[in-house]
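Here's a quick tour of a few packing details. Have the viewer open while you read.

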Amino acid sequence: MDWVKEAETLFAVDKPEHFTDYRHCCECAEHDDTLCSTDVHQIGLEALGHPGWDPICFCSPEGKVYYTPAFVRLSLATMADELYIDQFLFHLEYDGPGNDYYKACTPEQRTFITRFLEYLILDFSSEMENGCCADSALRALEIWSVR
């Protein structure tokens, strides 16, 4: 399966006008500028690859839905080295069953995320174990596989 192409199809939503509560503070405004200044096809590790300065931590659930194809693309592209999947898993796990990202997704989108996690767990188990994110993947799978 072409996971990125499938994500682009299932998560094809309009780009939000804003991604954060940009009026809240300078940090929110900066993260909003970062996310507004690019799109789902172009955003990369330069913008999203720093766990300590991750604009997705401030992003609305709708913004996360919009950027999901990028999360999938970056996760696959970095499985051998930088493991962006660890950050993606953080957002998938956040707040457990109260996860707003989960709630913002359609049942079809949730099924896609579940299938993607299953694929990663099966096909990249050693990379995820070496990157210390295998347990996070299992927790995220538990949250996202709830119907």
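## Ground rules

This is a predicted model, where local features need pLDDT of at least 70, side-chain atom pairs count only at pLDDT 80 or more, and totals for chains, interfaces and linings use all residues. Residues are numbered from 1 along each chain as its sequence is written, and side-chain values use heavy atoms, with hydrogens and water left out.

## Helix α1

Start with α1, residues 3-10, whose buried residues are Trp3, Val4 and Ala7. They span an arc of only 95° around the axis, so they sit on the same side of α1. (Buried means under 20% relative accessible area, exposed over 50%, partly exposed in between, with a 1.4 Å probe and protein chains only.)

Lys5 and Thr9 are exposed on the other side of α1. The buried residues of α1 pack against α4 (61-77) and α7 (107-123).

## Asn99

Asn99 lies in the loop between α5 (85-93) and α6 (100-104), and is buried at a relative accessible area of 2%. Leaving aside residues up to four places away in sequence, Asn99 touches His91, Leu92, Glu93, Tyr94 and Trp144 (contact means heavy atoms within 4.5 Å).

## α5 against α7

Ile85, Phe88, Leu89 and Leu92 in α5 meet Ile113, Phe116, Leu117 and Leu120 in α7. Helices here are DSSP runs (H or I, at least four residues), numbered from the N terminus.

Methods. Helices (H or I, at least four residues) and strands (E, at least two) are DSSP runs, numbered from the N terminus. The arc is that of the directions from the helix axis to the C-beta atoms.
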